[in-house]
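Biologist: I would like to learn how to read a model like this one. Can we go through it feature by feature?

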Amino acid sequence: MEILNRYAQYSILLIDDDEEICDLIKAYIGRMDSIKNMIVVHDGQSAVAKLRNQKFDLILLDMVMPRKTGYDLLTEFEADKLNINSVDKVLAMSGSMDKDIFTIATHHGVRNFLIKPFDEDIFLQKISKILPVKAS
């Protein structure tokens with residue numbers, strides 16, 4: 001796929017407690033061989049530490065996690081306590097995007113959602129809507 005190699009300037013933070021989902025996303029991102037860097041953390045508390053020290057172009061955020069949830073992180077994004085350019089760069093993920101999850105996330109400004117499970121094509125479509133594709 002041509003889209004796979006057109007994101008050279010981007011860094012990604014993946015925040016998800018599900019090891020299988022992380023492995024799947026790492027495989028998809030791994031095929032995007034020109035991604036600058038991707039960091040994986042498995043809970044919201046660890047995400048806060050990363051977001052205090054580094055900016056990311058895309059944040060893949062699981063909404064339900066231990067220690068600090070995706071909702072907690074959205075509140076901190078909103079309060080500008082963390083190093084984030086825009087909540088538009090957040091892709092909220094959940095195994096069930098029920099009305100409560102959707103309502104809370106949209107209340108915090110999230111406009112990008114991914115329902116688990118997903119395949120590589122769906123994942124790449126979501127990514128391409130958030131990150132501008134680099135000109136060839």
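Biologist: Which residue stands opposite Leu 14 in β3?

Modeller: This is a predicted model, so read each pair as a prediction. Leu 14 stands opposite Leu 60 in β3. The two strands, β1 and β3, pair in the parallel sense, over four bridges.

Biologist: Which residue of β2 is the bridge partner of Ile 15?

Modeller: Val 41 of β2 is the partner of Ile 15. Here β1 and β2 pair over five bridges, in the parallel sense. β1 therefore pairs with both β2 and β3, as two strands count as paired from at least two bridges.

Biologist: How many residues of β1 are buried?

Modeller: Five of five, so β1 is mostly covered. Buried means under 20% relative accessible area. Look at the two faces next. Ser 11, Leu 13 and Ile 15 point one way, while Ile 12 and Leu 14 point the other way. Residues on both sides are buried.

Biologist: Now the helix. How far apart are the end C-alpha atoms of α1?

Modeller: They are 16 Å apart. Helix α1 has 12 residues, 19–30, and at 1.5 Å a residue it should span 16 Å. The two values agree.

Biologist: Which residues of α1 are buried?

Modeller: Ile 21, Cys 22, Ile 25, Tyr 28 and Ile 29. Check their directions around the axis. They cover an arc of only 125°, which puts them on the same side of α1.

Biologist: What does the face turned away from the buried side carry?

Modeller: That face of α1 carries Glu 20 and Gly 30, both exposed.

Biologist: Which residue caps the N-terminal end of α1?

Modeller: Asp 18 does. One of its side-chain oxygens lies 2.9 Å from the backbone nitrogen of Glu 20.

Biologist: Let us step back. In what order do the elements of the chain run?

Modeller: From the N terminus on, the order is β-α-β-α-β-α-β-α-β-α. That gives five helices and five strands.

Biologist: What share of the contacts links residues 24 or more positions apart?

Modeller: Such pairs account for 67% of the contacts with a separation of 6 or more.

Biologist: And what percentage of the chain counts as buried?

Modeller: Of its 136 residues, 46%. The accessible surface comes to about 6800 Å², and 49% of that belongs to carbon and sulfur atoms.

Conventions:
Residues numbered from 1 in each chain as written. Predicted model: local features only at pLDDT ≥ 70, side-chain atom pairs only at ≥ 80, totals over all residues. Heavy atoms only, no water. Buried < 20%, exposed > 50% of the residue type's maximum accessible area, 1.4 Å probe, protein only. Contact = heavy atoms within 4.5 Å. Areas by Shrake-Rupley, 256 points an atom, 1.4 Å probe, with all protein chains shown as cover. Expected span 1.5 Å × (residues − 1). Arc of directions from axis to C-beta. Polar contact = N/O pair within 3.5 Å; in protein donor to acceptor, adjacent residues only side chain to side chain.
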